[in-house]
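Subject: Handing over a structure, with notes

Dear colleague,

I am passing a structure on to you, and my notes on it follow below. Please read them with the structure open beside you.

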Amino acid sequence: MSMVHRLSRQDARRIAVRAQLLTAECPPDLVTAVRRLTALQLDPVSAVAPSADLVAWSRLGAGYRPEHLRSALDRRDLIELQAFLRPAEDIAAYRAEMTAWPGPGELRDWQVFYAEWVAANDACRRDILARLRAGGPLPSRELPDSCARPWQSTGWTNNKNITKLLDLMAQRGEVAVAGRRGKERLWDLAERVYPDHPGLPHEEAKRERERRRLRALGIARSTGQATLVEPIGTGEAGEPAEVDGVRGRWRVDPAYLDALGGPFDGRAALLSPFDRLVHDRVRAQEIFDFEYQLEMYKPAAKRRWGYYALPILYGDRLVGKLDATADRKAGVLTISAVHQDVPFTADMTAAIDAEIDCLAAWLGLERTGR
């Protein structure tokens, strides 16, 4: 049985920050960074910049350009899978899950529903595969909608038959995103997109994903609130740990433990709302004492921090939120507020202010406002 590591909150924070490549030492390039982070989440909102670009910039600095991401996708070093960009070699850890779709063992009601809906539209599924085989990659609007049973939803996907069917076919490992034309996904047969690496057996693949997830997070709970696509929990990966003042057990990647006795070279960083350092809001509260919500879906009058507030990291603490908006037509980055969760010292103010200037320069915009 592994010993239980006893960590202070500062230890836990520094493990998390190091794991997420947010110390002063920058990774050498984008693909190296994504291999450590395991994934970049895609999101269409770009109130400041697209989330994947913000995450990359916050790790790589001013030398990063969005075209680096496009080049990595064109080379197939990175592959889009279920709204995340992942290293191509990691697809091997998802093949068993694709083969077992809609899931191994006893199915839940929603899994049964998905399977029945795809089966009811099998003719359309085969039409899509034939069309892609003959002329892919193609956008969804160029694929035939011969669905016998429409997709019904109270959300934006209502009657978006092809959109939903393609997403489920991607989960089955039949089709994959081969690239993008602007914001529009281009679809092709998965066999022409994914590397020809043999998949891992289902349980081994699950453990490998949990191991990689813990390496990226540094410290996490074994289980957590259910999330779509990218879980929060890390299973039994790593070793057990306790954090002073926080109830319950954690899992820690032992690779980060040796550095705890040495110096910590932190810095100021502005993070995407979808950054993996803060995506687990419970963990952020427990070890960083950081409260955060993405407020773009709230009425303006009910927002505390802003439409697309960026969490602010300083050293090993999450210290505030930046309310900023990029107006590309006007050529300005408007700073509406810098919310201080803790009083900023003069050094903190200077470092964070310099990082905001760097953000504006990277975006090619003039900074205005506070």
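A charge is taken to sit over a ring if NZ of Lys or CZ of Arg is within 6 Å of the ring centre and within 35 degrees of the ring normal. By that criterion Lys321 lies over the face of Trp305, 4.1 Å from the ring centre, and Arg221 is placed over the face of Trp250, at 4.0 Å from the ring centre.

Please bear in mind that this is a predicted model, in which local features need pLDDT of at least 70 and side-chain atom pairs count only at pLDDT 80 or more, while totals for chains, interfaces and linings use all residues. Residues are numbered from 1 along each chain as its sequence is written, and side-chain values use heavy atoms, with hydrogens and water left out.

Turning to the aromatic rings, a pair is counted for Phe, Tyr and Trp (its six-membered ring) if the centres lie within 6.5 Å, with planes under 30 degrees apart called stacked, over 60 edge-to-face and the rest tilted. The whole structure holds 9 such pairs. One of them joins Tyr114 and Trp151, whose ring centres are 5.9 Å apart and whose planes stand at 45 degrees, so this pair is tilted. Because Tyr114 belongs to helix 6 (residues 109-120) and Trp151 to the loop between strand 5 and helix 8, the pair ties together parts that are 37 residues apart in sequence; helices (H or I, at least four residues) and strands (E, at least two) are DSSP runs, numbered from the N terminus. Trp151 also pairs with Trp117, with centres 5.1 Å apart and planes at 80 degrees, so that pair is edge-to-face. Trp117 and Trp151 are both buried, meaning under 20% relative accessible area, where exposed is over 50% and partly exposed lies in between (1.4 Å probe, protein chains only). Ring pairs link Trp110, Phe113, Tyr114, Trp117 and Trp151 into a cluster.

The loop between strand 5 (138-139) and helix 8 (161-171) is also the place of Pro144, which counts as partly exposed because its relative accessibility is 30%.

With kind regards
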